[in-house]
Amino acid sequence: MSVLSDSLSRAADSLLDQKLDQYLAKLRRGIEKESLRVTPDGTLAATPHPHALGSSLTHSSITTDYSESLLEFVTGIHEDIPALLQELHDIHHFTYQHIGNEKLWVNSMPCIVESEERIPIAQYGISNIARMKEVYREGLHHRYGSLMQTIAGIHYNFSLPEEFWNELARQDDLKTVQNYKSSRYFGLIRNYHRLSWATIYLFGASPAVCQTFLSDREHSLTPLHRHTFYGPKATSLRLSNLGYSNEAQNDICINYNNVESFVRSLRHAIQTSYPPYEKIGIKANGHYRQLNSNLLQIENEFYAAIRPKRVAKSGQSPSRALSLGGVEYVEIRNIDLNPFVPTGIDADCIRFYDLLLLACLLLDSPDMDDAEFQVCWKNQQEMVMNGRNPSANVMLADGERNSHDQMHELLDALSPLAELLDALDNSINYKLSLQSQRLKIDDPDLTPSGQIADKVTNNEESFFEFAMNLAEETEQYFKNTQLDSKTSRKFKQLSEESHQAQKDIEASDSMNFDDFLTDYFNRQNAPLPTCGCYNSA
């Protein structure tokens, strides 16, 4: 038995001995899923956010990300996986009822984009907060280019129930849960960085792009027929230097060892001016080009594979929320859309992430310095560009190892956790999820990236033709059925309420935009509580 298997087997036994396994039936999950709106011919939609979908500023379930064309669907928190996926399905269904002849692009890498100037920045109304969101996106355009902002993905939010933490604290005779819980979540985050290279292989689904996406950018991709480029062994170009893992943020070193070090390093980035961004300028002819010239305009600009999160109060920055209340959940951000699934993610994927994240929580997790973080990043990039190569290696604590052998070892180690979770509802669902992943390891062509690569090479389809066919199939899947009247009425009401909420925000503004920004950044940069003070909030 490997060290990893032995550690997780003992951890599963400990959960049973302490009767903590019962709380794992209440794992809390949420999904945020992005999708581009496209025209019937597959080009980026230039139309405004549909009024029937509500206000993108205030709607709880349907909003936009960077672009007016990039929809973002947000579920509530669920303990039941079918209920989670049903809500995501319903949001898609309602959306398709209200986008006319447009459709949703089902791949992470975008459709035909004629030029960066044709990518409309999202609009949120006339309030100060709306204008701030738009200026922030204008800054992203000048810093990274708009093409990068048309890439779509899935964020998976995960947490354990409060009962789990309370019981664990009681058994360990801890007087406060908050510090302990945050410490364990940061341990999870460090271990996820150490192991997430495996998820890139298993679920990466962006090995090819349209030529228009490259737009004269330097790359090492292989040309195929009809304007298609791909990585012969690539898994997720979305996570490559062409996508969100870009060189522009290499000067940002975030420390994941605890809440204080994380917040300190993040705040350093939002308070440190960066010469290339100084050259952009904050204003030109009275028009804002970015919020500021710092390494990060705001905290959310940092593109991380996983983030510690807490729901912030109105006017509260993410770092202040973490400092005051500790970690509430983690957000996984490196999941590609699965174009073969109508909603972009399925139960098998969710169950695997449940197992992996539980393992990351339960395993020992020593502090991580920048050198180790760079090794983790290199492992991820190896899987991004070369993951489907059976000879691909990753660097682990005990040396370089074959990635496919290590994935098999990881799945073996996760088996006791699968048995534990399956026992909670007398099923074999988690075991079946592991079996599905084993088949992918043994046959790279079964991975989503392998299936896509097969379509664009052996079937002589361009990436655009392949993606367009799946987008049309998905459109028909949703449009050929009716959304039940109760759910439809619920979403219509949410849309109406969101429009009114936007009007209320606009009516309540009491200062000009310049003063609003000054006040916002004064509050964001205000000193944080010293060590231990955040327990009181």
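1. Which residues have the most contacts inside the largest nonpolar core? They are Leu160 and Phe164, in a core of 152 residues. The model is a predicted one. Helix H11, residues 347-362, provides the largest share of this core, with 13 residues.

2. Leaving aside residues up to four places away in sequence, Phe164 touches Leu15, Leu20, Tyr23, Leu24 and Leu361.

3. Rolling a probe the size of a water molecule over the atoms shows where empty space is left. The structure holds 3 cavities of 30 Å³ or more. The largest cavity has about 140 Å³ of space. It is lined by 13 residues, and the closest to its centre are Phe262, Leu266, Arg307, Pro308 and Pro318.

4. Which elements each supply at least two residues of that cavity's lining? They are helix H8 (259-271), strand S11 (306-309) and helix H10 (318-325). By class, the lining of the largest cavity has 7 nonpolar, 4 charged and 2 polar residues.

5. Now the open space. The second largest pocket has a volume of about 880 Å³. Its lining has 25 residues, of which Leu4, Arg194, Leu195, Leu363 and Ala397 are the closest to the centre. Two or more lining residues come from each of helix H1 (3-17), helix H5 (178-195), helix H12 (370-386), strand S13 (393-396) and helix H13 (403-425). H1 gives the most, with 5 residues. The lining of this pocket splits by class into 14 nonpolar, 7 charged and 4 polar residues.

6. On aromatics, a pair of rings is described by the distance of the centres and the angle of the planes. A search of the whole structure finds 21 aromatic pairs. In one of them, the ring centres of Phe513 and Phe516 are 6.3 Å apart and the planes are at 20°, so the pair is stacked; the cut-off for stacking is under 30 degrees. Both residues lie in helix H18 (residues 513-524). They are 3 residues apart, about one turn of the helix. Phe513 and Phe516 are both buried.

7. Elsewhere, ring pairs link four residues into a cluster: Tyr156, Phe203, Phe352 and Tyr353.

8. Most residues other than glycine have a negative phi. Lys19 is not a glycine, yet has a positive phi of about 55°. Lys19 lies in the loop between H1 and strand S1 (28-38). Its relative accessible area is 59%, so Lys19 is exposed, the cut-off being over 50%.

9. Asn426 is the other entry. Its phi is near 55°, again positive in a residue other than glycine. Asn426 sits in the loop between H13 and helix H14 (429-442). Is Asn426 buried or exposed? Asn426 counts as exposed, at 76% relative accessibility.

10. Last, a loop residue. Where is Glu114 placed? Glu114 is in the loop between strand S4 (103-104) and helix H3 (128-144). With a relative accessible area of 53%, Glu114 is exposed. Its C-alpha atom is separated by 35 Å from that of Leu266. Along the chain, Glu114 and Leu266 are 152 residues apart.

Note on methods. Residues are numbered from 1 along each chain as its sequence is written. This is a predicted model: local features need pLDDT of at least 70, side-chain atom pairs count only at pLDDT 80 or more; totals for chains, interfaces and linings use all residues. Side-chain values use heavy atoms; hydrogens and water are left out. On a 1 Å grid over the protein atoms alone, a cavity is a set of points where a 1.4 Å probe fits but cannot get out, and a pocket is an open set with protein on both sides within 12 Å along at least five of seven lines; lining residues have an atom within 4 Å of a point. Grid points are joined across faces, edges and corners, and a volume is the space filled by probe spheres set on the points. Helices (H or I, at least four residues) and strands (E, at least two) are DSSP runs, numbered from the N terminus. Ala, Val, Leu, Ile, Met, Phe, Trp, Tyr, Cys and Pro count as nonpolar, Asp, Glu, Lys and Arg as charged, and the others, Gly among them, as polar. A nonpolar core is a set of buried Ala, Val, Leu, Ile, Met, Phe, Trp, Tyr and Cys residues joined through side-chain atoms within 4.5 Å. Buried means under 20% relative accessible area, exposed over 50%, partly exposed in between (1.4 Å probe, protein chains only). Contact means heavy atoms within 4.5 Å. Rings of Phe, Tyr and Trp (its six-membered ring) pair if their centres lie within 6.5 Å; planes under 30 degrees apart count as stacked, over 60 as edge-to-face and the rest as tilted.
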